[in-house]
Amino acid sequence: MGTKGKVMGRLLSPDEYARLDERARLDERALVVAPFGYDADVICKVLAGENITAQKCNTLPQACHEARRGAAVLIVVEEALASDSRTLSELLTHQPAWSDLPVVVLLSTTHKMKGKPSERINNDGNITLLERPLHIHTFTSAIRAALRARERQYQVRELLEQRESDLRQRERDVRARDEFLAMLAHELRNPLAPIRNALHIMKLASPADKRTARPREIIERQIAHMVRIIDDLIDVSRVERGKVQLCFEAVELSNAVSHAVESCRASIQARNHQLELALNIEPLWIDADPTRLEQMISNILNNALKYTAPGGCIRVEIRRERSQGIVAIRDNGLGIANDMLEKVFDIFAQVRTSLDRSEGGLGIGLSLVKKLAELHGGTVSATSPGLGQGSTFTLVLPLRPGAPTTAADVHHRPTGITCRILVVEDNDDNRESLQMMLSLFGHSVDVAPDGEIGLRELLEKEPDVALIDVGLPGLDGYSLAQRALSTNPALKTKLIALSGYGQPEDQRRALQSGFVNHITKPVDADTLANIITACTNPMSRDQPS
C-alpha cells in the first residue's frame, strides 16, 4: 500500500524513513494495542516479516490519538477494550467522510470476560473479529485485506482534496478575473468620458451643421456600443457571484420592448435592417427590474443585429401564453447549428468566429440574458432551422397577478435653471470637456485639477454643485468630500461623485462619504443635466437626492 507513490510496508533504512514526508509515514502505520505480556512484540514482529510498519501503543486512548494523526489499520486485543471501548467508538463515529478505518480485534482466549467488549463496538465501523489462537496466515491475510481497503480510501481522499483544491483555485481565478474586469472597465471608461463630452459639445455648438452630423452619429453609436460591452463584462461577473440586486416593480412588457428597440435604433438604421414589431393588444404586466429587463431584450436584439446581414429582417413579437409573457425575436440571419443551440448561452461562446470577427462581440450578452432571466423566474431559449436559415430567441417571463400598483416612471427634465458648478478632475481632457459642455448648458463653471485645490475652492466658493472625480491623486474624492463636510457641516453644495467604477459597493461608498449621487463615466449629457436639475431644484435643495 502507499500514498503519494510509496509502497506501504517496504523496509526502509532510518535515513529513508526520515526522508518520507510525515503524512505518508503516519498513514502507513499499523497501530497495535496489546498492553499485556508479549502480544504487542509478537504482532509487530509478524508484521515486520510482512514488510508492514507497526507502532505499539500502550493504551487504547493513545492509539485513538495516533489514529487521528494517521493510520492504515488498528489492531487491538479484546482485553484492551474492557476498560475503555467508548474512546474507540467515538473515533470510529467521527471519522472524515472519506474514512472507514479498518479495526482488527483479536478476541480473548477466555470466554469468561463480562459483556464481551468486542460486541459493544461491532456495529461502530469497519470491524474484523479474529478468534485466538489463530494461524499466522489467517492474521496476515486479514491485515492485508484491511490495508487494501484503506488504500482505496486514501485514493478517495486524494480525489476529494484535489477537488477542494480545484474549487479554491477556481475561486481565486474568479476573484482575479473580477478585479481585472473592474480595473479594465475603469480604464476604458476614463478615455470614453472626454470623448462623449466632446461629442455633446459639438452637437450643442453646431446642431445645424450637416457636414458633421453623420460623423457625430457614428461616434455616438460606437461609444454607446463600447459602454454596453463594458457594462456587460461587469454585470456577467456580478451575476455569477450572486451580487446583483434586482429592484422589482410592475413593468408593462410592450413598454420595455419599445425602450429596448429605441436603444438599438441607431444600429438598426446603420445596417438598414427591417424591423417588424408585433405587440400584444392587451397590456402584459410583469414584476421585473425595468433596467435589467430592457438589458435582456436589447442584448437579444443586438445579437440578432450582429448576425443578420445588412438589409435583413428582424421581427419582435410579444404575446401571452397562459400566465406567461413571451418576447420572441426572430431574424433571417446566420442561424445556429443544432450542436450550438444550448452553447450560445455559455459565457464567451461564439456561433462562428472569423479572422475579421465582423460578427464579433465577446460572447457575454446572451450568457447575461440567461442568468438575468433566471433571476426573474423566467427562461430564455434559442431555436434555428440551421445555418443560414435565421434563428429565434424566446424570452419567457411570469406575468404579474392583478393590476400594477406602481406609478409611472418620472424622469427629471432640464428646467433651464443655471447654477454655479465646480469640476474637480485630474484628467485634463475630461476636465476641459466637462467645463465646456456645462458652460454651453448655461452654467457658471470653475475647475480644479486635484483634490487639495478642489477642497479649497469648494470651501471658499461654496458652489451649488461639485462634480468630483473619486480617483484623484493624493487627496481622493472620498476624502475630499469627508473633509469638506467635517470642516463645514452646513455646506449647501451638492456633491456628485464621478468614477470609472460603477458597482453598487462604489455607489454605497460614495453615499457614505457625503455625495448625494454617483455617476459612472462616461456620463451621458442628458443624464448629467437631469441630475444637476434635480440637485438644484428648490424643493429638494436641503435634502439628499
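Leaving aside neighbours within four places in sequence, Thr 379 is in contact with Ala 373, Thr 394, Leu 395 and Val 396. The model in which these contacts are found is a predicted one. Thr 379 belongs to strand 11, which covers residues 379-383. With a relative accessibility of 47%, Thr 379 counts as partly exposed, because the class of exposed residues begins over 50%. The C-alpha atoms of Thr 379 and Pro 398 lie 9.5 Å apart in space, while the two residues are 19 apart in sequence.

The aromatic residues come next. A pair of aromatic rings is described by the distance of the centres and the angle of the planes. The structure holds 2 aromatic pairs. In one of them, the ring centres of Trp 98 and Tyr 154 are 5.9 Å apart and the planes stand at 50 degrees, so the pair is tilted. This pair links distant parts of the chain, the two residues being 56 residues apart. Trp 98 lies in the loop between helix 6 (86-93) and strand 4 (102-106), whereas Tyr 154 is part of helix 8, residues 136-205. Both Trp 98 and Tyr 154 are buried.

Phe 345 and Phe 393 are both buried.

Helix 8, which carries Tyr 154, also packs against helix 14, residues 428-440. The axes of helix 8 and helix 14 are 9 Å apart and meet at an angle of about 30 degrees. The two helices are therefore roughly parallel to each other, the limit for this class being an angle under 35 degrees. Helix 8 passes helix 14 in a left-handed crossing. On the side of helix 8, the contact is made by Ala 193, Pro 194, Asn 197, Ala 198, His 200, Ile 201, Leu 204 and Ala 205. Helix 14 contributes Asp 429, Asn 430, Ser 433, Leu 434, Met 436, Met 437 and Leu 440.

Definitions and conventions:
Residues numbered from 1 in each chain as written. Predicted model: local features only at pLDDT ≥ 70, side-chain atom pairs only at ≥ 80, totals over all residues. Heavy atoms only, no water. Phe/Tyr/Trp six-rings, centres within 6.5 Å; stacked < 30°, edge-to-face > 60°. Helix = DSSP H or I, 4+ residues; strand = E, 2+ residues; numbered from the N terminus. Buried < 20%, exposed > 50% of the residue type's maximum accessible area, 1.4 Å probe, protein only. Axes fitted to C-alpha atoms, helices over the stretch in contact; angles between N-to-C directions. Parallel < 35°, antiparallel > 145°, perpendicular 65-115°, else oblique. Left-handed = near helix turned anticlockwise from the far one by under 90°. Contact = heavy atoms within 4.5 Å.
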